[in-house]
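Reader: I am new to this structure and would like to know what the terms used for it rest on. Please take me through them one at a time.

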Amino acid sequence: MDDVACYKTVPETEDRTGTAAALLESGADWITFTSSSTVENFHARFDLPKILKQFPAMKLASIGPETTRALSVLGIAPNIEAREHTIEGLVKSLLQQKAVATQ
């Protein structure tokens with residue numbers, strides 16, 4: 001069996017747009033995670049449990065079971081996990097959550 005790298009997640013270390021500063025100042029409605037490495041890289045930069053304590057209304061979305069496991073290592077459960085483990089499935093889950101919240 002061959003192992004073919006399809007993508008590589010690289011941690012963001014700069015804040016060219018001010019997004020990281022805005023997150024630390026104001027929080028966010030949702031943070032979406034699309035892989036276990038995005039969980040690990042986000043946590044390394046922002047200390048995920050700490051930021052969730054600072055902004056308790058912030059919600060987390062996971063693309064699937066492996067990503068959810070990475071969150072659970074930090075003692076965190078996502079508010080939603082996509083049923084279909086794709087970006088489209090994650091977006092669909094977020095839209096469904098929004099529809100439920102506005103009813």
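Author: This is a predicted model. Thr68 is a residue of helix H4, which covers residues 65–73.

Reader: Why is Thr68 called buried?

Author: Its relative accessibility is 18%. Buried means under 20%, so Thr68 counts as buried.

Reader: What does Thr68 touch, not counting residues up to four places away in sequence?

Author: Its contacts there are Ser62, Pro78 and Glu81. A contact requires heavy atoms within 4.5 Å.

Reader: How do you know that the buried residues of H4 are on the same side of the helix?

Author: The buried residues of H4 are Thr67, Thr68, Ala70 and Leu71. They cover an arc of only 155° around the axis, and therefore they lie on the same side of H4. Glu66 and Val73 are exposed residues on the face turned away from that buried side.

Reader: Which elements do the buried residues of H4 pack against?

Author: They pack against strands S1 (30–33), S2 (59–62) and S3 (80–81), and against helices H2 (36–46) and H3 (48–54).

Reader: What follows H4?

Author: Gly75 follows H4, and its phi is positive, near 80°.

Reader: Why is Leu95 called exposed?

Author: Leu95 belongs to helix H5, residues 87–101. Its relative accessibility is 54%, and exposed means over 50%, so Leu95 counts as exposed.

Reader: What makes Leu95 part of a nonpolar patch?

Author: Ile87, Val91 and Leu95 form this patch on the surface, with about 280 Å² of accessible area together. A patch residue needs over 30% relative accessible area, and Leu95 has 54% relative accessibility.

Reader: Which residues touch the most other members of the largest nonpolar core?

Author: That core has 16 residues, and those touching the most other members are Phe33, Phe42, Leu48, Ile51, Met58, Leu60 and Leu71. Helix H1 (19–26), S1, H2, H3 and H4 each give two or more residues to this core. A second, separate core has five residues, among them Ala61, Ile63, Ile80 and Leu90.

Reader: Why would nonpolar side chains be found together?

Author: In soluble globular proteins, nonpolar side chains tend to be buried together.

Reader: What is Leu60 in contact with, leaving aside its neighbours within four places in sequence?

Author: The contacts of Leu60 include Trp30, Phe33, Leu48, Leu71 and Ile80.

Reader: How many helices and strands are in the chain?

Author: The chain has five helices and three strands, in the order α-β-α-α-β-α-β-α from the N terminus on.

Notes
Residues are numbered from 1 along each chain as its sequence is written. This is a predicted model: local features need pLDDT of at least 70, side-chain atom pairs count only at pLDDT 80 or more; totals for chains, interfaces and linings use all residues. Side-chain values use heavy atoms; hydrogens and water are left out. Helices (H or I, at least four residues) and strands (E, at least two) are DSSP runs, numbered from the N terminus. Buried means under 20% relative accessible area, exposed over 50%, partly exposed in between (1.4 Å probe, protein chains only). Patches are made of residues with over 30% relative accessible area and no salt bridge: like charges are joined within 9 Å, nonpolar side chains (Val, Leu, Ile, Met, Phe, Trp, Tyr) within 5 Å. Accessible areas come from the Shrake-Rupley method with a 1.4 Å probe; for residues, only the protein chains shown count as cover. A salt bridge is a side-chain nitrogen of Lys or Arg within 4 Å of a carboxyl oxygen of Asp or Glu. The arc is that of the directions from the helix axis to the C-beta atoms. A nonpolar core is a set of buried Ala, Val, Leu, Ile, Met, Phe, Trp, Tyr and Cys residues joined through side-chain atoms within 4.5 Å.
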